[in-house]
Amino acid sequence: MWGGRFAEGPSAVMREINASIPFDKRLWRQDIAGSQAHVAMLGKQGIVSSEDAQAISEGLDAVASDFEADGVPVDYALEDIHMVTENALSEKIGEAAGRLHTARSRNDQVATDFRLWTRDAIDEASAGLKALQTALLARAEEHADSVMPGFTHLQSAQPVTLGHHLMAYYEMFARDRARLADARARLNLCPLGAAALAGTGFPIDREATASALGFDGPTRNSLDSVSDRDFAIEYLTAAVQASLHLSRLAEEFVIWASQPFGFVSLSDQWSTGSSIMPQKRNPDAAELVRGHAGRIMGCMTSLMVSMKGLPLAYSKDMQDDKPPVFEAHDLLGLCIAAMTGMVESASFRTDRMRGLAESGFATATDLADWLVREAGVPFRQAHHITGRAVARAEADGVRLDQLPLEALREVDDRIDQRVYDVLSVDASVASRMSFGGTAPSRVREAIAAARKTLEEE
Ligand code: ARG
């Protein structure tokens with residue numbers, strides 16, 4: 001394709017290091033779509049004859065059917081998907097194939113293909129996360145009243161509901177999807193027509209190719225168009241952030257599935273056994289979601305490091321942009337699907353959750369708040385009094401609400417019988433009525449609002 005000025009061919013290692021076809025064959029659909037838009041425009045502008053444009057277009061369709069049926073041939077000599085496609089086209093239609101590359105370079109071609117591919121990756125990730133949000137909503141609704149211990153420092157803090165806890169992840173994934181949408185909006189300009197770096201002297205119509213490919217318009221600077229990959233980096237940063245959220249949810253499943261917690265039992269479909277310990281039900285999928293987040297972060301780092309020192313415009317280092325993006329996409333898709341499956345099928349052991357919420361003095365803040373409200377005690381003092389009540393309950397080996405009134409009054413005689421109304425975990429969660437709080441009625445409101453948001457998308 002470029003051998004005119006060379007007397008000798010490249011060495012075998014040169015061919016191998018130069019070839020991106022082993023991985024960029026994944027761009028074949030985008031490459032064909034880009035070429036179809038380009039040739040239609042060339043024909044319309046009279047840059048190639050309408051007969052040639054038609055022959056090329058039909059030839060591209062035939063090449064696409066071959067690739068669909070037999071896969072993309074991997075030939076190092078042809079370097080990349082752009083050359084492989086053009087070569088296949090010339091085998092189909094002969095000399096006219098050579099007119100396709102008029103007013104185009106592989107530099108704007110690959111930038112276009114990769115934007116198209118990344119746009120689909122964004123849409124796929126967003127759809128997957130939406131399915132996960134839907135699963136979280138369903139489980140949250142089921143457990144809007146199920147009391148569990150809320151933790152800080154992984155120490156029992158205040159009772160919350162499982163529904164509220166699950167809805168926290170709904171919010172995180174909503175932000176991840178907003179980040180993806182934001183990246184998509186900035187990505188959606190078409191570099192085709194920037195040619196090698198300087199634009200072209202042919203009378204091309206960049207608006208036409210951009211709109212044929214579903215872009216909002218053409219990119220504005222030819223050098224920038226072929227030399228930046230920030231759209232891919234933005235996708236990766238959004239993917240990393242989503243994977244961090246997935247990893248935290250996965251980590252909670254690992255903890256919750258452990259025997260000391262026993263908050264959840266994963267379904268058989270999402271558990272694995274041990275080859276030596278017959279009793280085991282391991283949360284491998286959750287652990288791998290946690291692990292894969294590290295790999296996705298590695299993909300982001302890899303592309304950032306590739307790009308950080310490159311002068312304008314195109315450098316071949318940029319060919320290395322694709323493996324990390326492909327890998328991140330594949331890993332993220334798996335992680336989202338696995339977490340969705342786990343959320344949908346987990347059995348939550350609400351008895352265990354309630355038991356632990358009741359045993360951890362989680363309503364201590366409610367006692368302090370009661371002293372403030374009913375006895376006019378300043379909060380700092382109420383905190384201290386409550387601390388003494390907890391110490392007393394701990395010494396007696398009982399829960400706070402099991403301490404007899406005499407014992408509470410020995411701690412502070414302003415306490416009376418009414419305090420028992422606030423010491424149960426149910427009373428505690430029901431009282432957290434502030435906007436965004438864990439009261440079951442608030443959680444139901446949040447679920448209804450979320451459902452409406454998803455439906456209206
Ligand atoms: N395979 C190349 C890539 O992925 C395509 C662009 C090659 N351009 C060039 N001037 N060698 O980036």
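UniProt, in an unreviewed entry, lists residues 4–298 as "domain: Fumarate lyase N-terminal". The model described here is predicted. Over residues 4–298 the chain is 61% helix and 5% strand, with 40 Å between the end C-alpha atoms. The chain is divided into domain 1 (12–102), domain 2 (107–204 + 212–356) and domain 3 (361–423).

**Record annotation at the C-terminal end**

- The unreviewed UniProt entry also lists residues 361–430, as "domain: Argininosuccinate lyase C-terminal".
- Residues 361–430 are 67% helix and 0% strand, and the end C-alpha atoms of this span lie 17 Å apart.

**Domain 1 against domain 2**

- The centres of domain 1 and domain 2, taken over C-alpha atoms, are separated by 32 Å.
- In this pairing, 22 residues of domain 1 are in contact with 20 residues of domain 2.
- About 1,800 Å² is buried between domain 1 and domain 2, and carbon and sulfur atoms give 62% of that area.
- On the domain 1 side, the residues that lose the most area to domain 2 are Phe23, Arg26 and Gln30, which together make up 33% of what that side buries.
- The polar contacts across the interface of domain 1 and domain 2 come to 7 residue pairs, both residues being at pLDDT 80 or more.
- Three helices, α1 (12–18), α2 (21–24) and α3 (28–44), each supply at least two residues of the side of domain 1 that touches domain 2.
- Helix α3 gives the most to that side, with 8 residues.
- By class, the side of domain 1 that touches domain 2 holds 8 nonpolar, 10 polar and 4 charged residues.

**Salt bridges**

- The count of salt bridges comes to 34, and the count between domain 1 and domain 2 is 2.
- Glu79 forms a salt bridge with Arg106, and the closest N and O atoms of this pair are 2.9 Å apart.
- Glu79 lies in the loop between α4 (50–70) and α5 and Arg106 lies in helix α6, so the pair ties together parts that are 27 residues apart in sequence.
- Glu79 also forms a salt bridge with Lys316, where the closest N and O atoms are 3.7 Å apart.

**The loop between α5 and α6**

- Thr102 lies in the loop between α5 and α6, and Ala103 is placed in this loop between α5 (81–93) and α6 (106–142).
- Leaving aside neighbours within four places in sequence, Thr102 is in contact with His38, Leu42, Ile47, Val48 and Phe202.
- From Thr102 to Arg392 the separation is 290 residues in sequence and 86 Å in space, C-alpha to C-alpha.
- Ala103 is not a glycine, yet has a positive phi of about 60°.

**Backbone geometry**

- Most residues other than glycine have a negative phi, and most peptide bonds are trans.
- The peptide bond that joins Leu312 and Ala313 is cis, with omega about 5°.
- Ala313 is placed in the loop between α11 (284–307) and α12 (322–345).

Definitions and conventions
Residues are numbered from 1 along each chain as its sequence is written. This is a predicted model: local features need pLDDT of at least 70, side-chain atom pairs count only at pLDDT 80 or more; totals for chains, interfaces and linings use all residues. Side-chain values use heavy atoms; hydrogens and water are left out. UniProt positions are given in the numbering used here, feature names are shortened, and annotations may be inferred rather than shown by experiment. Helices (H or I, at least four residues) and strands (E, at least two) are DSSP runs, numbered from the N terminus. Domain bounds come from an automatic or database domain assignment. Contact means heavy atoms within 4.5 Å. Buried area is the accessible area (1.4 Å probe) that two parts lose on being put together, summed over both. A salt bridge is a side-chain nitrogen of Lys or Arg within 4 Å of a carboxyl oxygen of Asp or Glu. A polar contact is a pair of N or O atoms within 3.5 Å; within protein, one must be able to donate a hydrogen and the other to accept it, and residues adjacent in sequence count only if both atoms are side-chain atoms. Ala, Val, Leu, Ile, Met, Phe, Trp, Tyr, Cys and Pro count as nonpolar, Asp, Glu, Lys and Arg as charged, and the others, Gly among them, as polar.
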